[in-house]
Amino acid sequence: MRITAALLTFLLTALVPGAAALVPGVAYAEPGEMSVACVVNDDRVSELSGLVVTASGYIAINDSNWDPSAIRIFYLDKKCKLTKSIGYPAAARDPEDLTLAKDGTVWVADVGDNYNASVRRKTVALWKLAPGAKSPVIHRLAYPDGPHDAETLLLAADGTPIIVTKELSGRSEIFVPTGPLVAKAADGVPLKRVGSVRLPDSQTPNFLDSIGRRLVTGGAVSPDGRHVVLRTYADAFEWDVVDGDIVKTLTDQEPRATPLPDEQQGEAIAYTPDGSAFVTACDEPAGPTTLRRYVPAARPSPSPPEDQKSGDQEQTLAGDDGGRPGNRLMFAVGITGLALVLLGVVGVVLRRLAR
């Protein structure tokens, strides 16, 4: 009986979790690896500042256009083809990020306020687009200490909006509303500062060099709520959310860095629906826009539940190998050898029965 390499690979990967990384010729994604998700080839969809990945494709926003009516919410299929767009009932000033709530509501963060603007904003806004709605509804907010530029919106587990500012100092401020949002109100609901975050140093190349490595240009929370990411023009920094508290995590914990080298003014980042990867987009004024998919820097293995630990300790086939690849490979080879012997015996029996 001829045993092919494909069969050996199948046996190894089926019998030993993680064995694909031990088998020559088996492709698997490395942390930090980038691939092209798709390319937007539509002049109407440019200067992308915010992105969400859905099961059917993408939702994206742009932050500026010489024609205010061209600032819209775009729906793209999996191949980045525009399927529909939705406009704002009044001119959106500077939409910079968006996120998708658990109930399917799209939240657009109209919070941009450039430092060199001739007139700074008295209020910023969140636009709420409910499932099936034809137009988003505005909810205004006001900072307690004057204008801030911001490009990041996160949603806490309870639905509270979290705004992370974009500071030249490199220390971004974190704000949340002091009370429930009010639709279409002229005065903004007051925001309160609840913390700050300073990202680790980086050497990743980008079009703004050292400045671009400390400006927060986007963020996202994984669909399961276990991870949160902030991006700059150069890198993506991911945290494991502690006790469901995003603000405390950003304030107190250290992130892992995934380089996003040489993205042309990269501003958008989103998780894939399964939370296993990031997808990014750039604020490119004209021409094709590439959506890039990155594998995050290696995450720590989750601890098994307490009720499974005793059962794990009773397993005797694998023994206590300390997680060493060499011991796992020896175990895999042993099991595979046993499988080959059994297959050989079955082959002999079948040949004798066929005589």
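Buried means under 20% relative accessible area, exposed over 50%, and partly exposed in between, with a 1.4 Å probe and protein chains only. The views below show a predicted model, in which local features need pLDDT of at least 70 and side-chain atom pairs count only at pLDDT 80 or more, while totals for chains, interfaces and linings use all residues. Residues are numbered from 1 along each chain as its sequence is written, and side-chain values use heavy atoms, with hydrogens and water left out.

View A. A salt bridge is a side-chain nitrogen of Lys or Arg within 4 Å of a carboxyl oxygen of Asp or Glu; the structure holds 11 of them. Arg120 counts as partly exposed because its relative accessibility is 27%, whereas Asp113 is buried at 3%. Arg121 forms a salt bridge with Asp110, and their closest N and O atoms are 3.1 Å apart. This pair links distant parts of the chain, 11 residues apart: Asp110 belongs to strand β7, and Arg121 to the loop between β7 (106-110) and β8 (124-129). Strands (E, at least two residues) and helices (H or I, at least four residues) are DSSP runs, numbered from the N terminus. Arg121 is buried at 8% relative accessibility, and Asp110 is buried at 2%.

**View B. The salt bridge of Arg231 and Glu263.** The closest N and O atoms of Arg231 and Glu263 are 3.0 Å apart. Arg231 lies in strand β15 (residues 227-231) and Glu263 in the loop between β17 (256-259) and β18 (266-271), so that the pair links distant parts of the chain, 32 residues apart. Arg231 is buried, with a relative accessible area of 0%, and Glu263 is buried with 1%.

**View C. A salt-bridge network.** Salt bridges link Glu238, Asp240, Arg256 and Arg299 in a network.

**View D. The open sheet β2-β3-β4-β5.** Four strands in this order make an open sheet with antiparallel pairing; two strands pair if DSSP finds at least two bridges between them. At the edges are β2 (48-53) and β5 (82-87), each of which pairs on one side only. Neighbouring strands are turned by 20 degrees against each other on average, direction ignored; the axes are lines fitted to C-alpha atoms, and angles run from 0 to 180 degrees between N-to-C directions. Strand β3 (residues 57-62) is joined to β4 (residues 72-77) by 5 bridges. Opposite Asp77 in β4 stands Gly57, and opposite Ile73 in β4 stands Ile61. Between β4 and β5 there are also 5 bridges, with Leu76 opposite Leu82 in β5.

**View E. The disulfide of Cys38 and Cys80.** The structure holds 1 disulfide, a pair of cysteine sulfur atoms within 2.5 Å. Here the S to S distance between Cys38 and Cys80 is 1.9 Å, and the link is right-handed, with 55 degrees about the S-S bond. Cys38 lies in strand β1 (residues 34-40) and Cys80 in the loop between β4 and β5, so the pair ties together parts that are 42 residues apart in sequence. Cys80 sits in the turn of the β4-β5 hairpin, which has 4 residues between its strands, and has a positive phi of about 70 degrees. Cys38 is buried at 8% relative accessibility, and Cys80 is buried at 3%.
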